[in-house]
Amino acid sequence: MYSYRVSGLAVASEVDLPGLIPGNPDQAVDVTIRRLPVPMQLDAAEAIGPTWQRAGNRFLLRIPNIARFLLEDGRSIAFEAEDAAEPQDVAVFLSGSVFGILLHQRNHLVLHASAVLVGGRAVLFCGVSGAGKSTLAAALVERGYPLVADDQCAIERGEDGIPRIHADGRQLRLWEKSIAELGLAGRRGDPMRNRLRKFYVDPAIASDAPVAVGAIYALVEIRDSEHPLIERPNVVDATKLLAANAYRPLLVRRLDQRETYFQGGAAIVAAAGIFRLKRPLGFDRVAATIAKLQEHWASIGLGEGTP
């Protein structure tokens, strides 16, 4: 079994999962991943979608021509590869979408986001695929801000009510153009999938401890200005923004977690802040975006906006 640490959980897997943080094989296991027969459908399914079914604490996901995945009670993942599936492809879905579903089963707030450490707290950047989350995080890491997580951010509220993110400084996942523009070719690893020009990249510095959330930014592209803007929506809009940036938003409804996200959003607004970051895309504008962020971090109490 391979050992990993994912979002604070000890994971034992029968298959290699590139890009994850190696774990301690002697630690008690929270989640197991095994290659086992997986059914095509669940008995007594309570909810059914085009590629998934849910029955109680069991969730079945099928990625056509890749694999079927059965998740149970947020503690185990069984998978069965389909014909002609490459191990690389199965591994990408296991460490990405499938584990995101498992974190939902464990009642985490799971955001489609990347995060860095600023002034001792986590700053998250949310957005759809292609919004530039990982690229912005990578650029900040190069300026000395430790990576907290990439692509998935799992948030929990402790007994003290403070929202915290489990540090998950796995390898960054960057497109070839981003790697070239940021000068990261020396730390580029293997491609995530064959025929896909997206690669694993070792972060220069990463955090390894749970940290309180300091701010969340939803990335929005603007085309009519060269200057980045930061807006703070009202509480209701902020909580909606959080749910809209969940990792697979449909799951929030299908797993009956809307109230969890509403309460979590309200707690984050009170303890930190949820903002819209409107900025022009383009690598030549990254420095201006970072300067705007540093100015904002200083204004909301994240030190002087320095690492």
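1. Buried means under 20% relative accessible area, exposed means over 50%, and partly exposed is in between. The model discussed here is predicted. Y2 has a relative accessible area of 40%, so Y2 counts as partly exposed. Y4 has a relative accessible area of 7% and is therefore buried.

2. On aromatic pairs, a search of the whole structure finds five. Y2 and Y4 make up one of them, a stacked pair with 6.5 Å from centre to centre and 15° between the planes. The rings of W52 and F59 are also stacked, because their centres are 5.7 Å apart and their planes are at 10°. W52 and F59 are both buried. Elsewhere, one aromatic cluster is formed by F125, Y217 and F275.

3. Next, the nine-stranded sheet. The sheet is open and its pairing is mixed, with the strands in the order β3-β1-β2-β4-β9-β8-β7-β6-β5. The edges are taken by β3 (21–22) and β5 (47–48); each has a single partner strand, so one side of each is left without a neighbour in the sheet. Helix α1, residues 87–105, packs on this sheet. The helix touches β1 (2–6), β2, β4, β7 (58–63), β8 (67–72) and β9 (76–81), and its direction makes about 25° with that of β8.

4. The pairing around β4 can be followed residue by residue. Strand β2 (residues 9–13) and strand β4 (residues 31–35) run parallel and are joined by three bridges. A12 has T32 in β4 as its bridge partner. On to the next neighbour in the order, β4 pairs with β9 in the parallel sense over four bridges. Here R34 stands opposite A78 in β9.

5. Between β8 and β9 the sense is antiparallel, and the pairing covers six bridges. A67 stands opposite A81 in β9. These two strands form a hairpin with three residues between the strands, and in this hairpin D73 takes a positive phi near 60°.

6. S13 deserves a separate look. Which strand holds S13? S13 has its place in strand β2. With a relative accessible area of 0%, S13 is buried. A polar atom of the S13 side chain lies 2.7 Å from the backbone oxygen of V15. Leaving aside residues up to four places away in sequence, S13 touches M1, Y2, Y4 and I33. Y2 and Y4, the stacked pair, are thus among the residues that S13 touches.

7. S7 is in the loop between β1 and β2. Its phi is near 50°, a positive value in a residue other than glycine. Is S7 buried or exposed? S7 counts as buried, because its relative accessibility is 2% and the limit for buried is under 20%. N107 is in the loop between α1 and β10 (109–118). N107 is not a glycine either, yet has a positive phi of about 70°. N107 is partly exposed, with a relative accessible area of 47%.

8. A further open sheet has three strands, in the order β15-β17-β16, and its pairing is antiparallel. Why is one side of β15 and of β16 left without a neighbour in the sheet? β15 (172–175) and β16 (188–191) stand at the edges and have a single partner strand each, so one side of each has no neighbour there. On average, neighbouring strands of this sheet are turned by 40° against each other, direction ignored.

9. R173 has Y200 as its bridge partner in β17. There is also a side-chain arrangement to note: R188 places its charged end over the ring of F199, 4.1 Å from the ring centre.

Methods:
Residues are numbered from 1 along each chain as its sequence is written. This is a predicted model: local features need pLDDT of at least 70, side-chain atom pairs count only at pLDDT 80 or more; totals for chains, interfaces and linings use all residues. Side-chain values use heavy atoms; hydrogens and water are left out. Two strands pair if DSSP finds at least two bridges between them. Contact means heavy atoms within 4.5 Å. Axes are lines fitted to C-alpha atoms, for helices over the stretch in contact, and angles run from 0 to 180 degrees between N-to-C directions. Rings of Phe, Tyr and Trp (its six-membered ring) pair if their centres lie within 6.5 Å; planes under 30 degrees apart count as stacked, over 60 as edge-to-face and the rest as tilted. Buried means under 20% relative accessible area, exposed over 50%, partly exposed in between (1.4 Å probe, protein chains only). A charge sits over a ring if NZ of Lys or CZ of Arg is within 6 Å of the ring centre and within 35 degrees of the ring normal. A polar contact is a pair of N or O atoms within 3.5 Å; within protein, one must be able to donate a hydrogen and the other to accept it, and residues adjacent in sequence count only if both atoms are side-chain atoms.
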